[in-house]
Number of protein chains: 2
Amino acid sequence: MGSGRRAGRDVAVVGAGKTPFGAFADKDLRTLAVTAGTKALENARTGPDAIEAFYLGNFAGPQFTSQNHLAPWISTALGMSGGIPSTRFEDACASSGSAFFHAFMAVSAGIYDVVMVAGVEKMTCQSTARVTEILAGAGDSDTEVRVGSTFPSLFAMIARRHMHDFGTKREHLSAVAVKNHENGALNPDAQMRKAITLEQAMNARPIAEPLNLYDCSLISDGAAAVILCAADRAHEFSDKPVKVLGVGQASDFVALDRKADITTFPALRAAAHQAYAMAGVGAKQIEFAELHDCFTIAEIVAMEDLGFVERGRGGFFTFEGGTRRGGAMPINASGGLKSKGHPVGATGVAQICDVVQQLRGEAGERQLKRHSLGLAQNLGGSGATCVVTILGRD
Amino acid sequence: MGSGRRAGRDVAVVGAGKTPFGAFADKDLRTLAVTAGTKALENARTGPDAIEAFYLGNFAGPQFTSQNHLAPWISTALGMSGGIPSTRFEDACASSGSAFFHAFMAVSAGIYDVVMVAGVEKMTCQSTARVTEILAGAGDSDTEVRVGSTFPSLFAMIARRHMHDFGTKREHLSAVAVKNHENGALNPDAQMRKAITLEQAMNARPIAEPLNLYDCSLISDGAAAVILCAADRAHEFSDKPVKVLGVGQASDFVALDRKADITTFPALRAAAHQAYAMAGVGAKQIEFAELHDCFTIAEIVAMEDLGFVERGRGGFFTFEGGTRRGGAMPINASGGLKSKGHPVGATGVAQICDVVQQLRGEAGERQLKRHSLGLAQNLGGSGATCVVTILGRD
């Protein structure tokens, strides 16, 4: 499984930049991406001429905004040379995680020394109904979409089955939301900076039983970007380079009904296995993580598939406070997709920016005590794509 | 320009497969891609388990069919392991050329030994008006699309300017169409197997003056796939491996009005420069080519930017028969996008399949006399992305 994948030299993140996440009627997709890209370049103390290839993650820009061919549209606006390849990567909500994976492999293998990976999505220009319809395109149109399934309903089935198999409770799901809102309230770039109580979380209006409003991530506009370079050149760009220690990307059936067991994601396990093997570390050594909490149950499944807790224990562990900032395994100190926001194509790179911020000790009120080894996990659809990235302080 | 790009070991195409191009109401996008992928695997005498990464080129599947997240949707249907990365690449009509570029670089750099690159588009399920609107998304929504520009009108401006600057004539454009239809009539997989006269070509109904119906490529369904592997393992898969000698990908402004001179494409020139340099050959050594004739004028500009003829001479050269199968530089012996069809996301890989077929001497009635060194050129938008690939007999 993935035995063919080989990495070469060390790679560092030497620049990171994000826009705030939210609803920005006055900012189009390109403006968001250019803002994040410019911040990343500034953070790397460099300019567009240094970039040898542009990797863009975007899920559904053409459907949200009717603009397609997004990669050169953005790279030229960032002032990059036309001589470089500009390419858009799409893997549903794991689009920019996938762009990062391919960019890392290219730099590690020696194809390029310095590249930019950006992610962007502009969603709030469409109605919630249309957003839900566009997002449903990441499911299987032959089966799921045809019968009216949307992602809240698919993850509701996962949650229900997890409850049935492992005794996970409603309050466990809500505990994920409470914890992520607690963190997001401290994040100046988060879309929903509002702490909530367990009672509020449990009694919100139902979306797809057992999931309610507070179990679902947000509809957002936003962008994020990082500069990757060969580690031996990192000093040219940053005093605080962060090493990319391991990456993994794997895939699975798009349709949930093709999975033998819907409470575990084989693609997540495979991507984690690859990333751990490349980094030479195990789950127990990871100190903190940004996980793909598109729904509260997704965070629970992810912490189990990553090996942070035993299978079936994710909800209990969360309810007991294990994933809070002061817990044994802090998860989504940024606020996660739940509170920070989820501009889908931006999320993978934004998670990496959040891990980088922690590793550099620049997370302000949200700064974690142990911050030398972090993990980011980006999911596409109901588990058909997963990308896992492990980063460490240099 | 592109100096950062480095390739490593030799890479071979060891399998190629295509669907016919046309309007296939009974075949969905996935069926087309799986058909082409299966043919490519059979041609490489192997199965899906051999594939270490899946690269999919697709321009606008989500808009044409509402299915997104296409890469795992297709790779799982081909029977590939979930442990591998499955990723969609989008660069407008150069989407699968770009997927091929990234796949080649990955195998050359030693990341993988064996990968599949596929391209697919399903277009005929939408009305011509809606197809034109979706394709317009590869232009700039802030300027071109806002004022109602579509690709026929953009390329009409290029044609008009080329006529003004270089004396190119209406009959030169028509000669491109006549020659491509002559070739396509002999191609069993072509969408429009019909030879036309110069008179027919010149007197067809206008689309966007000076372009008429026969200056425009077709709206098509279709897919193509190739298997790439490290050259030292090629013998495991094929008795007729084809070497990938050079590749280049470059970008430029999406909006035509940002170009200093609209009768030449800097991204095309940059990609060609990279591919020639990597292959260690010049334009004069190329024996035949598949060029991106989305419009007749695009073939003329491409042959000039690639250095096959002097600037401004492409129309004259074509009219004099220089690009016919028996000419000095045969172009689009397959029939080109004009006659073969143009399922946009499939086109880049389909061109490579056509070059491979010639190099292997398997082109039947269209077989060229000189067939040891061929070139494929894939264009996105009005020149914002270009990919050039040079292939040779082993």
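Let's start with the polar contacts between our two chains: across the interface of chain A and chain B there are 38 residue pairs in polar contact, both partners at pLDDT 80 or more. A polar contact here is a pair of N or O atoms within 3.5 Å; within protein, one must be able to donate a hydrogen and the other to accept it, and residues adjacent in sequence count only if both atoms are side-chain atoms.

A quick word on the ground rules. This is a predicted model, where local features need pLDDT of at least 70 and side-chain atom pairs count only at pLDDT 80 or more, while totals for chains, interfaces and linings use all residues. Residues are numbered from 1 along each chain as its sequence is written, chains are lettered from A and ligands numbered from 1 in the order in which they are written, and side-chain values use heavy atoms, with hydrogens and water left out.

Back to the interface. In total, 63 residues of chain A are in contact with 63 residues of chain B, contact meaning heavy atoms within 4.5 Å. The buried area between chain A and chain B is about 4600 Å², with 46% of that from carbon and sulfur atoms. By buried area I mean the accessible area (1.4 Å probe) that two parts lose on being put together, summed over both. On the chain A side, His69(A), Glu90(A) and Ile111(A) supply 15% of what chain A buries against chain B, more than any other three residues.

Now the charges. There are six salt bridges between chain A and chain B, counting a side-chain nitrogen of Lys or Arg within 4 Å of a carboxyl oxygen of Asp or Glu. Arg30(B) and Asp140(A) make a salt bridge, at 3.7 Å from N to O.

Strands meet here as well. S3(A) pairs with strand S3 (residues 86-90) of chain B in the antiparallel sense, over three bridges; pairing requires that DSSP finds at least two bridges. In that pairing, Arg88(A) stands opposite Glu90(B). Helices (H or I, at least four residues) and strands (E, at least two) are DSSP runs, numbered from the N terminus.

Let me return to His69(A), in the loop between H2 and H3 of chain A. Its phi is near 55°, a positive value in a residue other than glycine. Is His69(A) buried or exposed? His69(A) counts as buried because its relative accessibility is 0%; the cut-offs are under 20% relative accessible area for buried, over 50% for exposed, and partly exposed in between (1.4 Å probe, protein chains only).

Another backbone detail: the peptide bond from Glu209(A) to Pro210(A) is cis, with omega near 5°. Pro210(A) sits in the loop between strand S5 (206-208) and strand S6 (211-212) of chain A. In chain B, the bond from Glu209(B) to Pro210(B) is cis too, with omega near 5°.

Finally, salt bridges over all chains: the count comes to 40. One of them joins Lys179(A) and Glu299(A), whose closest N and O atoms are 2.5 Å apart. That pair links distant parts of the chain, 120 residues apart, from helix H7 (residues 170-184) to helix H10 (residues 296-305) of chain A. Both Lys179(A) and Glu299(A) are buried.

Asp354(A) and Lys340(A) also meet in a salt bridge, at 2.5 Å from N to O. Asp354(A) is buried at 3% relative accessible area, and Lys340(A) is buried at 2%. And to close, Arg9(A), Asp113(A), Arg233(A) and Glu236(A) are linked in a network of salt bridges.
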